[in-house]
Amino acid sequence: MFYVVIWWLIVGVLGWLVWPLAFCLFRNLPDRGYAFVKSLGLLLVSYVFWLLSNGDFLGNTWGGIVFAALVVAALSGAYYRWRRCALDTTGDDENGLWDWLRANWRLVLAVELVFAVAFGGWTLYRAYTPDIAATEKPMEFAFLNAILRSDRFPPYDPWMSGYAISYYHFGYIMVAMLTRLSGVPPSYAFNLGIALLFALTVTGAYGVVYNLVAAAGRGRGRKGRAIGYGVLGGVFVALVGNLEGVFEVLYSRGLGSATFWKWLDVKELVARGQVTGRWFDMGGGWWWWRASRVIHDKTLLGISQEVIDEFPFFSFILGDMHPHVLALPFVLLCLALAFNLLRSRRALDWVDYVLYAICLGGLGFLNTWDFPIYLFVVLVAYAVNRYRHQGRLSQDWVREVITCAIVLFGLGLLLYAPFWVTFRSQAGGLLPNLFNVTRLHQYLLMFGTFIFVVLAFLVALASDLWRAGRLDGNALLRQGLPLWAVVATSFPFLLVISIAPLVLTARGRQYVQGVLNSEPVRTVLGAQTLSSLLAKSVSLRLADPWLFLMLSATIALVIFLALRILSPGESDDRRPSSSNLFALIMIGTGLLLTFVVEFVYLRDTFGTRMNTIFKFYYQAWVLLGLASAYGVWYVLENWGERRPGGERYVFGVGCVLLLAASLVYTMTAGYSRAGGFKGQPTLDGLAYVRRHEPDEYAAIQWLNAHGAGNPVIVEAVGGSFTTFARISSRTGLPTVLGWSGHELQWRGSGEEAARRERDVDEIYSGQDLQRTLELLEKYDVTYVYVGPLERGKYSAASLEKFDTLLDVVFQQGAVTIYQVLTP
């Protein structure tokens, strides 16, 4: 409990340090950015600390962090005084920061309650699922420990000694910074970090929706209603699951024919699911994992391909501290900045550019995929803002938007230059998606709840525009249908463009020939020609066009409605239109992200669209979830109050039913993942090691006590997602090689990892004593670890040589640690 309170206090203090800055920066939002101050404070202090620690100015110490916090506090105060933002309010009559707090204390209390309940609640949940084991938690724990051990930045790679981390790791620096400030052991801090990310995500989603509703609403009770819908935003983004959970329940109950389940085709549901004959009893195990694999791609031979379609609640119960989760609070921060910009009464100045670039550029360091996505959202918001103020498209408008794009992108890279100069990516351009066509029903399994609300919102908005005389049949025919035609043809054209380099370049033709020569293609197509390949791709799309038609039509409708709102003749009351426009921007961006993967994907080491769907769908969930929470308010309370007929009640019933269906996964998966809440609660992520592997736990404690100077260790190498590399993970000490597959992903090349894997194998299995010593010296190894995994992989005879060559410095049970003799 003490650790929880300490983290809550520290994060709160970081928020208050930047509150003066946020009050001015978010001057166009009803809450003045209060819902985002904790995320903003954490980001800015971490940024200053990281930047100064990359040189010789600051060390990675408690004092260095405090110094960075004081610098941020001083800059925050200076920014507040410089802005004199009490004179630049937008819709509030308060004279300044403290007056605003006194007048809006209920809002402040609501934000603090949302954060406290989310943080405390998820901390309690993590206490029942604390183990830092399985999936990618060992990698993430290794990064956290290595950053804590690094004297300066960039931090060293714990899984490839002598190298720096070549992965987006800003989020791990943030968690390590909080760990050092609080003095909490890393095994506890890991779980506190997950709880904090959950709380910041819920609070950020609450803040975005609150501001949308409060900015659009009318009347005395608008802020109270905005608080309620803000909570709904947090639920939609972070708490609900997709609709796959309902079908898990139906299958376990034994309902549905074999034909139906074959048509539904959720990966491994029939193969591994259990028919228990009972409601809400899926038979144990990791059945809840299948909800993150509802998009089921297959090869031309019908062989399943891995596709990841995670959503935030799945990520939080899984408990991986992966970059896409670490970035969530800051994604929401950038969305708030975008809405703030949309409502601004003036263009950006140089200070705004720097602050926006720090936040947007931070996404590149947190989870690189998110940077271009939210830069796009901000640019669209800025383009809409300038158009609304200028009233027409002009050269000045084009110049302003292009300038904004160049400056934000350039500064976003420049301000994080120390990261980018050492970063190596596995991404290798675009590839065409020729054969994988997402089926509409599987797409709706993923996004069905949001699509229902989004479509209802678009219909309601179109209805309001029609009543206001801003939309009619003529506009629909002359502008709407051509827009649909443009959208429907532009994305297939993107596919054509991605194919062109494969035909026009030697490297591309080599790739195509490899595809044509592959066994699946030869078996299905027979004739090995490019034309037959393309013909098969077209036939697959024509056989299942429904998702294409729905998405292209909906995207076209979003653009069409935005243009109608922006068309001349808008009323002076812009309150609902700014929120409506931003909701349309989020909907359009979210749908575009899910549409583009139907045609192209980013080339990486996986060779399929798996990772592209993962990254794009995840952000689409956030964007559509936020827009849906606002859409519920708009249909029920804005549009519905003018239409007291049955449409409002039909929509309300549909929302309740779909929300309940989405919460089926939340309740069942959350309960199952926590083992029915039957275990002994603890936040210590290594408690299971202490219970089940006491010898290794004692060895870890010894290494932590004798690991000054970060000596290199060597341990047996196994595959990724195994228990190998567990010692470097649990101590943060650099090992010769950890998970080789992950090093390949991080560095874009597996040559060094393959070389080291051979050398580690020779260190343990080789009989040439001189060669063993040469290899240990080559990698500057101080400690050789021999535990149960090493004894299981290598013969006792091959391991006996260490008794002769090296000194035993630790021995307990099946674990022996040898120290390399120094000459």
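**A buried charge and what else to look at**

A: D297 is buried, with a relative accessible area of 4%. Here buried means under 20% relative accessible area, exposed means over 50%, and partly exposed is what lies in between (1.4 Å probe, protein chains only). Keep in mind that this is a predicted model, with local features needing pLDDT of at least 70 and side-chain atom pairs counted only at pLDDT 80 or more, while totals for chains, interfaces and linings use all residues. Residues are numbered from 1 along each chain as its sequence is written, and side-chain values use heavy atoms, with hydrogens and water left out.

So who does D297 pair up with? Its side chain meets that of R609 in a salt bridge, at 2.6 Å from N to O. That pair ties together distant parts of the chain, 312 residues apart: D297 is in strand β1 (residues 297-298), and R609 is in the loop between β4 (600-602) and α27 (610-639). A salt bridge means a side-chain nitrogen of Lys or Arg within 4 Å of a carboxyl oxygen of Asp or Glu. Helices (H or I, at least four residues) and strands (E, at least two) are DSSP runs, numbered from the N terminus. R609 counts as buried too, at 1% relative accessibility.

A search of the whole structure turns up 32 salt bridges. Another one joins the side chains of E752 and R756, 2.7 Å from N to O. These two are four residues apart in helix α33 (residues 751-765), so about one helical turn separates them. As a rule, an α-helix has 3.6 residues a turn, so residues three or four places apart point the same way. R756 is buried, with a relative accessible area of 5%. Then there's R771 with E762, whose closest N and O atoms are 3.2 Å apart. In that pair R771 is partly exposed at 30% relative accessible area, and E762 is partly exposed at 29%. Salt bridges also link E693, E696, E715, R726, R730 and E790 into a network.

On to the strands. Five of the six residues of strand β6 (residues 781-786) are buried, so the rest of the structure largely encloses β6. Strand β5 (residues 712-714) runs parallel to β6 over three bridges, and I713 has Y783 in β6 as its bridge partner. Strand β8 (residues 815-819) pairs with β6 in the antiparallel sense over four bridges, with V786 standing opposite T816 in β8. Two strands pair if DSSP finds at least two bridges between them.

R32 has a positive phi near 55°; it sits in the loop between α1 and α2 and counts as buried at 1% relative accessibility. A134 has a positive phi of about 70°, in the loop between α5 (105-127) and α6, and A134 is partly exposed at 41% relative accessible area. The peptide bond from F153 to P154 is cis, with omega near 5°. P154 lies in the loop between α6 (137-149) and α7 and is partly exposed at 34% relative accessible area. Leaving aside neighbours within four places in sequence, P154 is in contact with N54 and A164, where contact means heavy atoms within 4.5 Å.

Last stop, the surface. L477, L481, W484, W546 and L549 form a nonpolar patch with about 510 Å² of accessible area together. Patches are made of residues with over 30% relative accessible area and no salt bridge, joining like charges within 9 Å and nonpolar side chains (Val, Leu, Ile, Met, Phe, Trp, Tyr) within 5 Å. The areas come from the Shrake-Rupley method with a 1.4 Å probe, and for residues only the protein chains shown count as cover. Helices α21 (473-504) and α25 (546-566) each supply at least two residues of the patch, and α21 gives the largest share, three residues. W546 belongs to helix α25 and is exposed, at 52% relative accessible area.
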